[in-house]
Amino acid sequence: MWLALATVLVQFAVVVLRYAFASSFVMMQESVIYLHATLFMLAIGYTYLVDQHVRVDVLYAGWSMRRRALVDLISILVAVLPFCALVVWASWDYAARSWAQDEGPMAVGGVPLVPALKSLIPAMAILLGLQAVSIAIRCVAVLAGAAETHFPHRAHQGGA
């Protein structure tokens, strides 16, 4: 939430500086990219936790909680966890190389945190994977009859 506010404020300042004062700072422009990337990469796991991710609800909304849990469990095992593993595998060396080379800013005068920015990629996949495992465990609990729903925070809102 605070990253979204910071992104808007910094972008607003960049626009005001550019058009009102004919000035700009590369570091401010790049910081919008850093804030935006951080916001979305680190919010993916939370979005999954609160069941606000993209889904086609045409069929899903009418299903029983057990059927939803089964479909979500299969989806996690077949799609989410393999995707997370692939992203970690593909991005780990990319981020590690950036740290090893002490990679500098994207542009002269830019934000000198490129290795941290690139590290958000495997961090995102790890966080999403951990959240997927958590939801998978809750799906198993629903299927075993030990829980009513695999998204408990939604139970008081009438389901998905």
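Guide: Arg-67 lies in helix α4, which spans residues 65-100; helices here are DSSP runs (H or I, at least four residues), numbered from the N terminus. This is a predicted model, in which local features need pLDDT of at least 70 and side-chain atom pairs count only at pLDDT 80 or more, while totals for chains, interfaces and linings use all residues. Residues are numbered from 1 along each chain as its sequence is written, and side-chain values use heavy atoms, with hydrogens and water left out.

Arg-67 counts as partly exposed because its relative accessibility is 46%, where buried means under 20% relative accessible area, exposed over 50%, and partly exposed in between (1.4 Å probe, protein chains only). Although Arg-67 and Leu-143 are 76 residues apart along the chain, their C-alpha atoms are separated by 8.5 Å.

The partner of α4 to consider is helix α5, residues 114-143, whose axis comes within 8 Å of that of α4 and crosses it at roughly 160°; axes are lines fitted to C-alpha atoms, for helices over the stretch in contact, and angles run from 0 to 180 degrees between N-to-C directions. The two helices α4 and α5 are therefore roughly antiparallel, since angles over 145 degrees count as roughly antiparallel, under 35 as roughly parallel, 65 to 115 as roughly perpendicular and the rest as oblique. The crossing of α4 and α5 is left-handed, meaning that the near helix is turned anticlockwise from the far one by less than a right angle, whereas clockwise would be right-handed. By class, the residues of the contact of α4 with α5 comprise 32 nonpolar, 4 polar and 3 charged; Ala, Val, Leu, Ile, Met, Phe, Trp, Tyr, Cys and Pro count as nonpolar, Asp, Glu, Lys and Arg as charged, and the others, Gly among them, as polar.

The largest nonpolar core has 17 residues, of which Tyr-48, Ile-76, Val-80 and Ile-135 touch the most other members; such a core is a set of buried Ala, Val, Leu, Ile, Met, Phe, Trp, Tyr and Cys residues joined through side-chain atoms within 4.5 Å. The elements giving two or more residues to this core are α4 and α5, and α5 gives the most, with 8 residues. Leaving aside neighbours within four places in sequence, Tyr-48 is in contact (heavy atoms within 4.5 Å) with His-53, Ile-76, Val-80, Leu-128, Gln-131, Ala-132, Ile-135 and Phe-151. Apart from this core lies another, of 5 residues, including Tyr-34, Val-111, Leu-117 and Leu-120.

Leu-120 itself lies in helix α5, and it counts as buried because its relative accessibility is 11%. Not counting residues up to four places away in sequence, Leu-120 touches Ala-37, Thr-38, Met-41 and Leu-42, while its C-alpha atom is separated by 13 Å from that of Trp-99, 21 residues apart along the chain.

Finally, the loop between α4 and α5 holds Asp-102, which counts as exposed because its relative accessibility is 63%. Phi of Asp-102 is near 50°, a positive value in a residue other than glycine. Most residues other than glycine have a negative phi.
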